[in-house]
Every structure is written in structure tokens, then in C-alpha cells.
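Dear colleague,

I am passing on the structure we spoke about, placed just below, and after it I set out what was found. Please read the notes with the coordinates open beside you.

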Amino acid sequence: MDEPPLHPRVETVAEDIETMETRGAATIADAAASALVTQAAESRAETPAAFRGEIRAAARTLLDTRPTAVSLPNALRYVLQRMDGESVAALRASVERAGSSFRDQLDRAQDDLGEIGANRLRDGDRVMTHCHSTDAVACIEHAVQQGKAISAVVKETRPRKQGHITARELRELGVPVTLIVDSAARRSLGDVDHVLVGADAIAADGSVVNKIGTSGLAVNARERGTPVMVAAQTIKLHPDTMTGHTVDIEMRDESEVIAPEDRAEIGEITVENPAFDVTPPRHVDAIVTERGQFPPESVVTLMRELFGEGTREPWAEPTTREAERRPEDES
Ligand SMILES: O=P(O)(O)OC[C@H]1O[C@H](OP(=O)(O)O)[C@H](O)[C@@H]1O
């Protein structure tokens, strides 16, 4: 059987996610939802079955890009579970509606989360960041809008140096920034009031999956008595972990770690490049979401409320229970 035709935009978005041209868990989710909308809007499918097949194929292509950020399957699931209708026109409209409602909610959630996270920051506080998280930056942005003077120690975040993005964005907010290499973090922890990071996925036991280096930072922060705050919208909650599944940690190419010529000079070695690590809940003080802040151990309650007892593949047909939950979700 022929593969359903994919819109070139879906291929481009998938490639951009894979190469990290588009990166950051929330940004990836937004791009994926928007790609599904394009696929729907420009589909030439003549039957409802063909249309559904196209949207599912687009979702699979997008899902196959990066394995760790759960916001990606959560975004695809959100849209696909709302795909509904007896005709191509009705199906198209439902995907467009769901995509745009998902993207609106994403924006609103980040704003609400930023407000809540900002309440934890006091005037004059100094914050240490790791990697680049739009959710974490939103907390600082809101604190600045509340008139608080915030300064930041920004970890470079090897190997891809997303800390540079954080440094630039914080500078644009007028936040004084000190950039450090990752290995200087412990030395600087005594000078900061909070560690503030984002998340790619949060497991049912409250473990936080985030950029490699987060767990070491959290352990050191705990030893120094510096609180660790994780800014994560609820699309970062990983529903499959409620039923025992583990989060797949992405291993990226060794060329991000060492240039081929340097490697050749060293000789026969193995290079490992895990993109994420897992911080146990005991090293996290608060998970800040758009629904409030939670101690990590209680996040499972929120997860159950939002996802029920578990989920299936994003392209699976909704169960009656999921179908019933839809209208209130979109309010
Ligand atoms: O959703 P927001 O808060 O923007 O980002 C969340 C997380 O996504 C990033 O991963 P990567 O740089 O895509 O590997 C970082 O690990 C960051 O903390």
C-alpha cells in the first residue's frame, strides 16, 4: 500500500526538530501542532479515511524525530484525539481547531506558569540557569515585570551551548548575566538564591528529565542548600510513566562533543553524548506549572487528573472516556 502523501512542511518541521534547528520542548510541541494543521489545511485527500491516514502519517513522521521531550507526543495526541467528522471538510476543520486551540493553550500556560514561578523569586535574587528553557525564562520575565531586580548566573551547557540563548534573552530583559562554564557551577552555587531549570519530561514519581548536567547541578545545589525550581508546563508530564514506562534518553551524535580531526588525533576511543539526564525528586524543591506549584512527589495527582490512567499511541482512536473529556479541555 502506498504511503499517504506528506506535506513538505511536515518534512521540513520534522527535519528541523531532528537537527535541533527547532528545539526546546514547548517550541517543538508548537511546531508539531502547526505542521499537523498545515497537513490538514492543504490535504488533497478525497475520502475521510485517506485524510485520517495522512494526518496519522504526519504525526508518526513528527514523532520519530526526538525521543525524550514528551511535549511532542502530548501535542500530537491532543490534536489527533480531536480529529472528528464524517467528511473531509469536517475532519479538516476539527484538526485546524484543535491545532490552534493547542497553540493558544501553550502560550497561555507559559504565561500563567511564569506568573507563578515569578512569585517564588524575591527582589534582588540571583538565579542559576542550565540550558535554555522558555518556561524558565518566562518565570524571570514575569519577576522583572513585577519590578523585581533579578540577576543570573548562566551555565554554558555543553555540548550545544544553549546557555548562550538564555544569556541573550535575559540580557534583552535587562537582567545582568554572568556566563560560566558548566564545571564552574558548584563554585558559583554559594552566590545564588535559586537554581531554575526547565524540563523535557516529568515522570510520575516526580523525577525530572532535563538537559544533561541538570542532575549533577541539583545534587550540588541540595548540598549547598540552594533550592531547585523546575519550570514545566503540564505538557511536560509524561503520562506513560504512570504505567511503568521509562523515558527514553536521546543519545546524540559524537560530533557534537568532539571535532572529527581531534578525535582522529586521539585514536580509538568511545564518545558518548546523552542529551538528557534524570534528576530524582528528592533533589527538586518545586515543579512550577500553569496549574500551580507542586512538590515533585505530588505531581502524579495532577497527571492522573489531566491524562486519566494512561495513554496510547498519539494516533489511536480516542476512547469514550477521552472523547467525553474533550469539550472541557478546550475551555
Ligand atoms: O520547553 P522549554 O521550557 O522551552 O524547554 C525545555 C527543555 O528543552 C531543552 O532541550 P533541547 O535543547 O531541545 O535538547 C532543555 O532541556 C530545556 O530545559
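For "binding site", an unreviewed UniProt entry lists Arg-23, Gly-24, Ala-25, Ala-26, Arg-66, Asn-210, Lys-211 and Lys-236. Although these positions are spread over 214 residues of sequence, they cluster in space, the largest C-alpha distance being 14.3 Å. Please bear in mind that this is a predicted model, and that the site itself is taken from the UniProt record.

Ala-25 is found in helix α2, whereas Lys-236 sits in the loop between β7 (228-231) and α10 (260-266). Ala-25 has 28 other C-beta atoms within 10 Å and is therefore buried, the threshold being 20 or more; Lys-236, with 28 C-beta neighbours inside 10 Å, likewise counts as buried. Leaving aside neighbours within four places in sequence, Ala-25 is in contact with Ala-69, Ser-71, Gly-198, Asp-200 and Lys-236, while the contacts of Lys-236, counted with that exclusion, are Ala-25, Val-70, Ser-71, Ala-199, Asp-200, Ala-201 and Ile-202.

Beyond its neighbours within four places in sequence, Leu-36 is in contact with Ile-55, Ala-58, Ala-59, Val-79, Val-95 and Gly-99.

With best regards

Methods: Residues are numbered from 1 along each chain as its sequence is written. This is a predicted model: local features need pLDDT of at least 70, side-chain atom pairs count only at pLDDT 80 or more; totals for chains, interfaces and linings use all residues. Two residues are in contact if their C-beta atoms, placed from the backbone, lie within 7 Å. UniProt positions are given in the numbering used here, feature names are shortened, and annotations may be inferred rather than shown by experiment. Helices (H or I, at least four residues) and strands (E, at least two) are DSSP runs, numbered from the N terminus. A residue is buried if 20 or more other C-beta atoms lie within 10 Å of its own, exposed if 12 or fewer, and partly exposed in between; C-beta atoms are placed from the backbone.
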